[in-house]
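Here are my notes on the model, point by point. Please read them with the structure open.

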Amino acid sequence: FNHQVHLVAPKDLQSEIGSTIYHGALVDDVSAGVNPAQFVAGLAGAAEKAGAMLCARARVNRLGRSQNRFVIETERGSLSAESVFVATSGYTGNFVKKLQRKIIPIGSFIIATERLSDELAHELSPKNRMIFDYKHYLNYFRLWDNRMIFGGRAAFFPENENTIAQSGEILRREMIQVYPQLKDVKVDYVWGGTLDFAFDMMTHVGELDGIHYALGYAGHGVAMGTHLGRTVAEAMLNGNIKEHPFAKFDFPNAPLGLYDGRPWFLPFAGMWHKFLDWVE
């Protein structure tokens, strides 16, 4: 596609990052980042202007059929619908058990330091880029408001009070490995969220028991989820979901069927990926 990138040799790396832990870099000059919280708030506002009704804090407990319509029971009441689109990513619950068994929920976590001096911030990231490394247990980081925002797969389990606290400590240690200059800098914030991975690491679109879905973003859901939200909705209206490019390959279940939606194997998967990082 004639997309231009360039390699940075070890001797030139200080022009891109204030760290000596890496051997080199690949730079994409037109890459960028978004604030996902502001982005989703903007999407919500646009949806409301278009006539959609947003029902927050209405977790779905049951999804059934009555005659030719779906009946959705939520924590805030029930409603019926002609069509249903499941776009719940790592939060897919057992109300769609067949889909839940195809998705592995994996936690992703981020810390934010206190504000840094202009001089230190420039030293850490001279060109203020979005940065991520190559590892299986990858880290991704950037500056924002002169804070170092540092994230990664610190703990594979989905976010809760314990995994967020544990991940904050892990990420701080990893941040200091990359940037020893930050060893005395305080961490002001730590938070987490849950991603969804399919067993083939691919994104999947389709229809199952009359329910449409788009799942399996593997950490790329901000852009891809926005794109599929539109294209799957269009396919639902046009009745041609099978023609969607992401519907043209199988959505696999777990090997040997040894999975019921509860990811008991995540500690072993984490150990395996850490081993791969060590070997490489």
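1. Phe 39 is partly exposed, with a relative accessible area of 33%. The class lies between buried, under 20%, and exposed, over 50% (1.4 Å probe, protein chains only). Phe 39 has its place in helix α1. Helices here are DSSP runs of H or I with at least four residues, strands are E runs of at least two, and both are numbered from the N terminus.

2. This is a predicted model: local features need pLDDT of at least 70, side-chain atom pairs count only at pLDDT 80 or more, and totals for chains, interfaces and linings use all residues. Residues are numbered from 1 along each chain as its sequence is written, and side-chain values use heavy atoms, with hydrogens and water left out.

3. Phe 39 belongs to a nonpolar surface patch with Val 34, Val 40, Leu 43 and Val 222. Together they have about 400 Å² of accessible area (Shrake-Rupley method, 1.4 Å probe; for residues, only the protein chains shown count as cover). Patch residues have over 30% relative accessible area and no salt bridge; nonpolar side chains (Val, Leu, Ile, Met, Phe, Trp, Tyr) are joined within 5 Å, like charges within 9 Å. A salt bridge means a side-chain nitrogen of Lys or Arg within 4 Å of a carboxyl oxygen of Asp or Glu. Helix α1 (residues 36-49) gives the most to the patch, 3 residues.

4. The structure holds 7 aromatic pairs. Rings of Phe, Tyr and Trp (its six-membered ring) pair with centres within 6.5 Å; planes under 30 degrees apart are stacked, over 60 edge-to-face, the rest tilted. Phe 141 and Tyr 179 pair edge-to-face, at 5.8 Å centre to centre and 85 degrees between the planes. Phe 141 lies in strand β9 (residues 139-144) and Tyr 179 in the loop between α4 (161-178) and β11 (187-198), so the pair ties together parts 38 residues apart in sequence. Both Phe 141 and Tyr 179 are buried.

5. Tyr 213 and Phe 251 make a tilted pair: 5.5 Å between centres, 40 degrees between planes. Both are buried. Lys 102 lies over the face of Phe 251, 5.2 Å from the ring centre. The criterion is NZ of Lys or CZ of Arg within 6 Å of the ring centre and within 35 degrees of the ring normal.

6. Where does Tyr 213 stand in the sheet? Tyr 213 is in β13, opposite Gly 206. β12 and β13 pair in the antiparallel sense over 5 bridges; pairing takes at least two DSSP bridges.
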